[in-house]
Every structure is written in structure tokens, then in C-alpha cells.
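This report looks at a single predicted chain.

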Amino acid sequence: MRKQISYFFLVLLLGCAVTSCKEDNVTPDNTNPVENPQHVPLGTIVGFPEDFEATTKFGYPTDTITLGSGDWILDDALIGTSADDRRNGYQSVRIRYTGKVTMNFASPKGVSTVTVNHARYGNDPESEWELWVSHNGGEFMKVGETVKSTATTLQKATFTVNLTGSVKFEIRKISSGTARLNIDDFSFKGYGLAGDTDGTYDAPEPVINEPLPTDNLHIGMGNPSNATNNVANFANYLMQKNEYDLSYHRDRGIPNWVSWHLDRTWIGSAPRQDNFRADNTLPAGWYRVIQTSYSSTGFDRGHNCPSADRSSTTIINSATFLMTNMIPQAPNNNQQIWADLENYTRSLVNKGNEVYVIMGSYGEGGTGSKGGLTKTINGGKVTVPSNVWKVIVVLPEGNGDVNRVNNTTRIIAVNTPNINSVSSSWGTYRTSVDAIEAATGYDLLSNLPEAVQTAVEAKTDNGPTN
């Protein structure tokens, strides 16, 4: 009995000694980033990379756990601590069957790349898994290629995301069967944040002391209709996405206008996704045009912001196929004249320019491939516009874009009837910004100084067309 008591106190003393040692080696961080913003580097957020060390979960049933970065949902997944769990530190996630690990929060300021460590659990067979992202509260979409975990030591997988705005991620094991998968050290780098020197983000907390960017805004040349994101403003509802901004008209089922900035960083080799779909970010209760709403009508699902203007990643390209970016467009109008103008615009960018593009439509009634004037489709829920227009501001690559527009800046304005017998040359339909403003009631380049607006908006472009 005496030996047992002595042994107990020895263990107790050793435990206290170890605890004291650990506390002596940790420098407590008492800085409150909200109260002491001077201690927080510009644009920094705290809490990532997520190492899955902060809590435990011993079973596979779905549950929400709180980690250092925030709440995560583990579905058919647990926190593994065994010798067969591949991990840095004491713990990692272990996923079985077709389980998932989902962020139950969103990082508010964008992500450029994601890295994840992964390995086979123990001597289990290889597993396949994927990274999925939800952007600005939208549906989850796959990022990059499917990953195959074949090693029994942790390997690093890197994904290119390049999204601004709110993002959340999900890891999905897609190979079923008995093979289990370990995931550890989830980290990412920020994207598009002014003042962030190394691009590294560490958690989904509010950004401290972040300046607003002044360049490369999709509505950098102005908000043409003073659209707002007030649901009551249903005829002029502002929707701001990573890839473009737009004013949406609930009762017409189409955008009034879409505006986007285009430089070489947006153009890449990502394939055309063709995943036309409803925009689930529309306000609750609003009718959502779906991918088949234009079927058998004689009209194309005509992009405003073109697919090929957003080809840097598959996620970015996919965003152009939301139906809030579409109008019912006569096939020859869409596939000939507008396709040629879009190709010409990208050729300007590839020659070292950047452009600001505003495209819109107005009126009611177009003529598609079936002939005859059609005013609405989809049971009256989608208006067929009578005219389709575009304004393009062309600048050499640089900074301070609004301030670089002057009386000699090339402004291309085009206005076409939405008919299938349209001329094949977009140059035929060149007009002035003033004329488009008179037809729409918009103030298209409102961010420019008044004197510059007056000069450039009165001109009709006479430059080359190819």
C-alpha cells in the first residue's frame, strides 16, 4: 500500500512538472485584435492552418465539432489518434466510406490556393477524394482534379481557387468501400486583398484595418443604374459576384446589365463548363430561371459576361453559366456578331490592354430562329429584349484606371437589334454611349470626371474591328 501511494504522488508530481514545463515554453498572446489593431498586420486573419488538434471526436456518426478555425461538420469521419492515423502532431481526421468534412463557416475575404495533407489510413487500400467550394453562399462546386491517396505518409495536395468574397470548403471522400483516409493541416492563402503582403490567411475572423481596393472593380467605371441589394428594389437588384456584377430585374427574369473587368489574369485554359443552372443566391421567394427555361423557344441562352472571358479556373468559368447572366438572344445575334465582338475584345487584352465591359439589354420583343416577334418565354416569366448593347473601355495595363481615362481613350459602344437577321459585322452597329444612355436611362460611366464623360460619351468609335 505504501508503494502504491508513493507511486501515485510520484506520478502527480511528474504531471505537475510536465504541465509547468509546457506553460513555461508557451508565450501567451494577450493581444486583442479588435482593441489593438496596430498589432495585427494589414489584412491578416487568425486561426489557420487547421491542424485538427483542438478537440476530439471518437465516432463516425455526423456531428459538429469546434476547432481552432471554427466549427466543422464531420460526416462518417472522426478525429483519429491511433498509431495507424497519419498525422502531424497528435491528431488528424479519419474518413470512411463516402464521408465528408465541411467548414460550417465561411472565410469572408477570398482564397487563392488551398493545401491539404493526406494519406492512406494504416494499411488500407488507396482512397480518392475531392475538394469542393461554396462561393458567396452558393452551391458547392468541385475544385481541381480528384486526388488519389496512395501513400502511407502524409502528402500535400494543392488546389488553385482564385475567388474573392466569402468561401467555404468541403472535403469529400468519393471512393466507397472499407478503405479509410487521413486528412490533416488544411490551409489556404488569401486572394485579392489590398495590403496583404504575403497572401497568407489564417482564419475566418473579420479582417482588421483593411483598405478598400480602388482598382479592378467590376463596376469601377460606375454603377449604371444605381442598383442596390435591397430586396424591395426588385427591378434594379444589385448582385456582386467574384466574376462580375449585375443589376437583375425580378419580373423580367434577366439582368438589366452586367459589368466586368477583364485583363490577362482572367484568361486561361480552363475548359468551358456548360453547366447552365439557376442562381441560388437570388432572394428567397423570387422565381429562379433554370437551365431548361429557354428550351425550344428559338433563342439562345446568351451570356452577358462571356464564358471565354472567365477561363482562368473551372470554378470561375462555371460562374458565367448562372442563368442570372443570361438573356434570350437570337442565335445569329449571339453566335455571330456578339461572338466576334467578344473575340475582338479578348484580342485587345492579349495585346497588353485591360478593359471594362458593360453589357445590357432593353425593350421587349425579339425574333429568334423560329421567326415572328416573341415578347416573353418560359410562361411569361422571362422577357425577350428588343435590343442588346455593350460599352467597352480600353486602357493599357496599369493602375488608377478611372484617372487614366481621358478624352482620347477608346470607348467602343455597340447596340444591336435582337433579331436573327442581324448583320454579321458588329462594326455596323457602333453608336455612342450617349445614345445608349438615352435608350436606357442609365448613366454608364458615372465614375469618370464630368468633363471626360462629356467628351468620350459623345463619340462613335471608328477603330479597327479585327
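The largest nonpolar core has 77 residues, and the members touching the most others are Trp 72, Val 114, Trp 129, Phe 159, Phe 169, Ile 171 and Phe 186. A nonpolar core here is a set of buried Ala, Val, Leu, Ile, Met, Phe, Trp, Tyr and Cys residues joined through side-chain atoms within 4.5 Å. Buried means under 20% relative accessible area, exposed over 50%, and partly exposed in between, with a 1.4 Å probe and protein chains only. Helix 3 (residues 331-350) gives the most to this core, with six residues. Another core lies apart from it, with 23 residues that include Ala 227, Val 391, Ala 413 and Leu 444.

This is a predicted model, in which local features need pLDDT of at least 70 and side-chain atom pairs count only at pLDDT 80 or more, while totals for chains, interfaces and linings use all residues. Residues are numbered from 1 along each chain as its sequence is written, and side-chain values use heavy atoms, leaving out hydrogens and water.

Val 114 has contacts (heavy atoms within 4.5 Å) beyond its neighbours within four places in sequence. Among them are Leu 131, Ala 157, Phe 159, Phe 169 and Phe 186.

The chain holds six helices and 20 strands. Both are DSSP runs numbered from the N terminus: helices are H or I with at least four residues, strands E with at least two. Seven strands form an open sheet in the order 10-11-12-15-18-19-20, with antiparallel pairing. Pairing requires at least two DSSP bridges between two strands. Strands 10 and 20 stand at the edges with a single partner strand each, so one side of each has no neighbour in the sheet. Strand 10 is joined to strand 11 by four bridges. Leu 238 stands opposite Ser 247 in strand 11.

Helix 3 lies across four of these strands, listed below.

| Strand | Residues |
|---|---|
| Strand 12 | 254-262 |
| Strand 15 | 353-362 |
| Strand 18 | 387-396 |
| Strand 19 | 410-417 |

The helix runs at about 170° to strand 19. Axes are lines fitted to C-alpha atoms, for helices over the stretch in contact, and angles run from 0 to 180 degrees between N-to-C directions.

Trp 338 is found in helix 3. Is Trp 338 buried or exposed? Trp 338 is buried, at 1% relative accessible area. Beyond residues up to four places away in sequence, Trp 338 touches residues including Val 388, Trp 389, Val 414 and Thr 416. Trp 426 is 88 residues from Trp 338 in sequence but 7.1 Å away in space, C-alpha to C-alpha.

Of the chain's 466 residues, 51% count as buried.
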